[in-house]
Amino acid sequence: MLKKTIPMRELAVFCRKAAFLFDAGLHVTEAMPVLAAQSSGRMLGATLFDLHKMIMQGESFSDALKISGAFPAFMCGFVAIGERTARVPETCAKLADFYENKVRTDEELAAAMLYPVLVSAMMLGVLIMAVTFVLPGYAQIFEASGVALPAATSLLLLVSGYFAENTLLIFGGFLVFLICVMFFFRTTTGQAFSSRNKLKIPIWRQKINLNITEALSLLLSSGIGVSEAVSTCGEVFENPVVLNDLQRVSSQLDSGAAFWQSLGEISYINPLLAELVRVGEETGRLPQTLEKCVAYFSTSYLHEVRRLNKLIEPVLTISLGVVLGAVMLAIILPTFELATAV
């Protein structure tokens, strides 16, 4: 069986189409071949044909999803809940909404990070061209004229010369360092280190709070208990710290603790979320309260991402402008020195 996870965008489309077909009255054994034939991804199409075979052999829809290994554990668990409550069409529609929202928020964050990366790469390319092709020409001219190069230009030439002479050593060392870092973050220690430090980044904490609220709202609206919802919610996250914290909350709920108190003990949880959960528990309208929380946190997160993007632009422009200005000054100064010498 295929073990690579289906991309989230394709998952959203698959869930939306499945919800439509199930709601139209098609049985899962009839819907799978239709969905497989209409899938845009080769991997998803092949996986759906495999699902159809397993279902025809007696497996349930949720078990087939799990056995395939190509679908997230959260989706498999939520579909199983839909099967238990006889609400599979509604379950698939809610999963489609969930994954569409996740795709949208992830793309917003990726777009915010793309601009500074592209601008930095372009400016670095300009600097390399200036140091590699322009400055050496000035050095030859000054050497022929017998005029001393300005200190800034000499320093820049010294640095560029060092890099030019040790290109393979520097590039090789950087490559080895990069491989070591990648290997480290694949280890259990590295993943734990990365997970803890991500939670210190404000925008990442907001994203975690949004994802927790979305998952809990989705699960509780299906009529399952809070403890089971929290335990299943943990399967959304690849972050082991978040997963362990949610499992601990689920255990505390089984012991009789209040949900809002257990949730509020997690350091990266927004206090507003814990307070609103308290209100929802006291009024007996926790699913409805969380649904409103999703709308608020989603708007707040997207606003923060766009604000971060707007903040990065001037800071990046000024920083790169200063660096580029210093390099350009080192290139222009020799021209004035030559003019004075003449």
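Reader: How far apart are the closest N and O atoms in the salt bridge that E90 forms with K94?

Author: Happy to start there, with a predicted model in which local features need pLDDT of at least 70, side-chain atom pairs count only at pLDDT 80 or more, and totals for chains, interfaces and linings use all residues. Residues are numbered from 1 along each chain as its sequence is written, and side-chain values use heavy atoms, leaving out hydrogens and water. A salt bridge here is a side-chain nitrogen of Lys or Arg within 4 Å of a carboxyl oxygen of Asp or Glu. E90 and K94 both sit in helix α6, four residues apart, or about one turn of the helix, and their closest N and O atoms are separated by 3.1 Å.

Reader: Is K94 buried or exposed?

Author: Buried means under 20% relative accessible area, exposed over 50%, and partly exposed in between, using a 1.4 Å probe and protein chains only. K94 has a relative accessibility of 18%, so the label is buried.

Reader: Which residue does E100 pair with in a salt bridge?

Author: In general, side chains of opposite charge can pair when their charged atoms come close. For E100, the closest N and O atoms of the pair are 2.9 Å apart, and the partner is R16. The pair links distant parts of the chain, 84 residues apart: E100 lies in helix α6 (residues 88-145) and the partner in helix α1 (residues 8-23), namely R16.

Reader: How many residues does the largest nonpolar core have?

Author: A nonpolar core is a set of buried Ala, Val, Leu, Ile, Met, Phe, Trp, Tyr and Cys residues joined through side-chain atoms within 4.5 Å. In the largest one, the residues with the most contacts inside are F14, M32, F61, F71 and M75, and the total is 72 residues.

Reader: Which helix gives the most to this core?

Author: Helices are DSSP runs of H or I with at least four residues, strands are runs of E with at least two, and both are numbered from the N terminus. The protein has 15 helices and zero strands. With nine residues, the top contributor is helix α10 (residues 202-220).

Reader: How many disulfides are there?

Author: A disulfide is a pair of cysteine sulfur atoms within 2.5 Å. By that rule the count is zero. C92, for instance, is in no disulfide, as the nearest cysteine sulfur, that of C15, is 5.8 Å away. So the number of disulfides stays at zero.
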